[in-house]
Amino acid sequence: MSTESPDIKVPPVGLRALRSGPALTLVAVLVVAALASSPYAVPAPSLFLLITVVYAAALGGWKAGLASALVAVLYLGWLLTGAGAVAQYHPLNRTLVMIGGLALPLAVGAGWGLHRALQGERSLDWDRMRHEARDAGASRSKAESDDRFRTLVEQIRDYAVFMVDREGRATTWNEGVRRLLGYEENEFLGQPGQILFTPEDRARGEPERELRTATEEGHASDDRWLIRKDGTRFWATGITARLTDRTGNLLGFSKVFRDLTREKQAQDLLRERRSRRKLND
């Protein structure tokens with residue numbers, strides 16, 4: 001019975017696991033072939049190859065098991081030909097080779113069963129780690145959450161990404177704030193969000209309206225003129241999203257925006273040219 005719940009996604013077996021099983025069988029084949037004509041010849045190579053096939057299927061699933069079995073079949077088939085006669089150094093070797101070839105499907109099946117069992121344990125471990133991570137995240141303080149957020153976004157340069165408290169004062173900073181707004185971290189933290197709005201928007205109460213909309217609807221999207229530290233304006237598109245704890249209490253807001261001044265200038269120029277054409281026509 002599967003131990004996975006619908007919302008638990010266990011990471012799939014990687015390509016490394018799918019390759020390493022067949023690779024082990026190939027190495028075993030090469031070693032056995034190299035020792036065939038020496039005093040250290042392996043008397044029953046089929047047994048060793050069956051072990052590697054079981055291991056491959058247990059590690060990488062039935063695809064890896066079949067790939068390993070194919071490598072083993074090719075070598076065992078070669079042993080039964082005239083070209084492989086040099087490796088048939090024991091009277092019973094031919095019989096053992098044939099038995100080993102017939103047992104390969106059983107080896108794949110055994111390895112696949114072991115793989116399923118291991119995957120069940122892996123699913124339980126993944127489930128446990130997922131819940132532990134979620135519980136640990138829920139128990140951390142707001143300051144720790146801010147630290148994680150800063151670590152995640154501080155290297156983003158093309159977007160200004162930061163958080164504000166319920167009153168709209170900045171609580172985090174990233175490289176995009178420096179690049180787009182010109183504020184260093186110590187200058188920006190604690191500043192009210194109103195400093196980014198134009199005097200016209202502040203007079204209309206746009207900063208308060210934006211936070212009110214985000215609180216009521218979960219987010220607020222706007223395209224508007226914003227002001228940098230040096231007083232210059234730029235056209236920004238952005239979104240303000242509500243942040244709550246697990247019980248729904250408002251913690252603050254996240255803000256993400258980028259500079260689209262060039263795009264707006266190009267659109268305005270195109271609109272102006274079209275207007276002139278209509279007047280001329």
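Okay, so before anything else: what you're looking at is a predicted model. Let me start with the overall layout. We've got ten helices and four strands here. If you walk along from the N terminus, the order goes α-α-α-α-α-β-α-α-α-α-β-β-β-α. The protein has 281 residues, and 34% of them are buried.

Now, the inside. Which residues have the most contacts within the largest nonpolar core? That core has 19 residues, and the ones to look for are Phe162, Val177, Leu181, Phe188, Leu196 and Phe257. At least two core residues come from each of β1 (160-164), α6 (175-181), α9 (206-217), β2 (219-227), β3 (233-244) and β4 (250-259). There's also another core, apart from that one, with 14 residues, including Ala28, Ala72, Leu76 and Val108. As a general point, nonpolar side chains in soluble globular proteins tend to be buried together.

Let's zoom in on Phe188. Ignoring neighbours within four places in sequence, Phe188 touches Phe162, Ala170, Thr172, Trp173, Val177, Leu181, Tyr183 and Leu196.

Staying in that part of the chain, have a look at Asn174, in the loop between β1 and α6. Is Asn174 buried or exposed? Buried: its relative accessible area is 0%.

In general, side chains of opposite charge can pair when their charged atoms come close. This structure has 15 salt bridges, and I'll pick out a few.

First up, Arg178 with Glu175, where the closest N and O atoms are 2.5 Å apart. These two are three residues apart in helix α6, so about one helical turn separates them. Arg178 counts as partly exposed, because its relative accessibility is 31%, while Glu175 is at 16% and counts as buried.

Next, Arg233 and Glu200, whose side chains meet in a salt bridge at 3.2 Å, N to O. What does this pair tie together? Arg233 is in strand β3 and Glu200 is in helix α8 (residues 199-203), so the bridge connects parts that are 33 residues apart in sequence. Arg233 is partly exposed, with 39% relative accessibility, and Glu200 is partly exposed too, at 39%.

Then down in helix α10 (residues 261-280) we have Arg276 and Glu272, four residues apart, which means about one helical turn between them. Their closest N and O atoms are 2.5 Å apart in the salt bridge, and Glu272 is partly exposed at 36%. Elsewhere, salt bridges with shared partners link Asp201, Arg204, Glu206, Arg209, Asp222 and Arg224 into one network.

Last stop, the surface. Leu24, Tyr55 and Leu59 make a nonpolar patch there, with about 240 Å² of accessible area together. Leu24 belongs to helix α1 (residues 15-35), and with 35% relative accessibility it counts as partly exposed.

That's my tour, thanks.

Note on methods: Residues are numbered from 1 along each chain as its sequence is written. This is a predicted model: local features need pLDDT of at least 70, side-chain atom pairs count only at pLDDT 80 or more; totals for chains, interfaces and linings use all residues. Side-chain values use heavy atoms; hydrogens and water are left out. Patches are made of residues with over 30% relative accessible area and no salt bridge: like charges are joined within 9 Å, nonpolar side chains (Val, Leu, Ile, Met, Phe, Trp, Tyr) within 5 Å. Accessible areas come from the Shrake-Rupley method with a 1.4 Å probe; for residues, only the protein chains shown count as cover. A salt bridge is a side-chain nitrogen of Lys or Arg within 4 Å of a carboxyl oxygen of Asp or Glu. Buried means under 20% relative accessible area, exposed over 50%, partly exposed in between (1.4 Å probe, protein chains only). A nonpolar core is a set of buried Ala, Val, Leu, Ile, Met, Phe, Trp, Tyr and Cys residues joined through side-chain atoms within 4.5 Å. Contact means heavy atoms within 4.5 Å.
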